[in-house]
Amino acid sequence: MNCHSEAVRALAASIGPGKPLHRYSDYLKRRFGSKTYRVSVDAGFTCPVREIGLPCTYCDVRGSRAPYLGSADSLLEQINGGMSFLQQRYRAEQFLLYFQAFSNTHSSVPTLRRIYDTGLSCGRFVGLIVATRPDCLDEPTAALLAEYRSRGLDVWVELGLQSAHDATLRRIRRGHSVAEFGRATRLLQEFNILTAAHVILGLPGEGAREVVQTAHYLSELGVNGVKFHNLIITQGTELFREYRAGHASPPTTAEHRELLINSLEHLSPEMVVMRLTCDPPRDIPSVPEERPDKASFYRDVIDEMNLRNTWQGRSLDTGLHHAVP
Ligand code: SF4
């Protein structure tokens, strides 16, 4: 087992020809020394922009499930179910507790403390992961999260960015700016909390140039991890209406792969790559209909990068730079 910095340094140094990616699974293995998996839970949080009726244009209704905020029974049920699934399927030995659905810091500090404590009391965890929006993070919340770090847990905050371009953020109605993402990241860094960014490739108005600039931005800011998502346009969203009107179209799997490789080439090798595609909704019609299978898409990306003799961060020192706001 290595500390976070040792694990990251060793893996970043190994990236190059034939080993093109800083994979999350490799990081977890080196960091914790055994099979470590995330247990995802929905603690019933909401999201500020959904509350005011102005969700991101691509946001579908998944996650608008009945709230059961802080319900110990429900969390226990989810955690027990998640752990036994991961043990049976992957022989998981250790777990990170992952508050995934919606904005998991969108409440008062006492409520957040109660919810995180309740979740953490349901099992033995080596880490706490909290997904949220950059505009749902202030200093008292960062201080609360740092308390869990001082209890010996790895603490990660996953922040939605999607694009490092304000024009795109306005177009997809994110409701926050790139500068707000920068502020939230720096605040977390001050408290020694690890950060990961969510990025969507192929957003309306964006191509290779924009995704490369987003990769530069994240690298310059020193974000620790990134989750890439392919753009899925789901029926019922504002973006679906734009799609029907011919004003937006999602990248094909091949186009997503191309954008992804462009982005990876400009991404710091120290950044852990946590995801390459997203999980499409099963019960709501969406486009594109073609769905990359996660495992085969992953192999395809690795094969293609090896074929091109390229790797994560290969072009980081060249090309388009982004002035970090
Ligand atoms: S921040 Fe997330 S949950 Fe909130 S509207 Fe946007 S996509 Fe939906």
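Modeller: Of the 8 residues of strand β3 (residues 125-132), 7 are buried, so the strand is largely enclosed by the rest of the structure. A residue is called buried if 20 or more other C-beta atoms, placed from the backbone, lie within 10 Å of its own. Strands are DSSP runs of E with at least two residues, and helices are runs of H or I with at least four, numbered from the N terminus. The model is a predicted one, in which local features need pLDDT of at least 70 and side-chain atom pairs count only at pLDDT 80 or more, while totals for chains, interfaces and linings use all residues. Residues are numbered from 1 along each chain as its sequence is written.

Strand β3 pairs in the parallel sense with strand β2 (residues 94-99) over 5 bridges, where two strands pair if DSSP finds at least two bridges between them. In this pairing, Y98 has I129 of β3 as its bridge partner. Strand β3 also pairs with strand β4 (residues 154-162), again in the parallel sense, over 6 bridges. There, I129 stands opposite W156 of β4.

A right-handed β-α-β unit is made by β2, helix α5 (residues 109-120) and β3; right-handed means that, with the strands pointing away from the viewer, the path from the first strand over the helix to the second runs clockwise. Another right-handed β-α-β unit consists of β3, helix α6 (residues 139-150) and β4.

These elements belong to a protein with 12 helices and 9 strands. Buried residues account for 44% of its 325 residues.

Conventions. A residue is buried if 20 or more other C-beta atoms lie within 10 Å of its own, exposed if 12 or fewer, and partly exposed in between; C-beta atoms are placed from the backbone.
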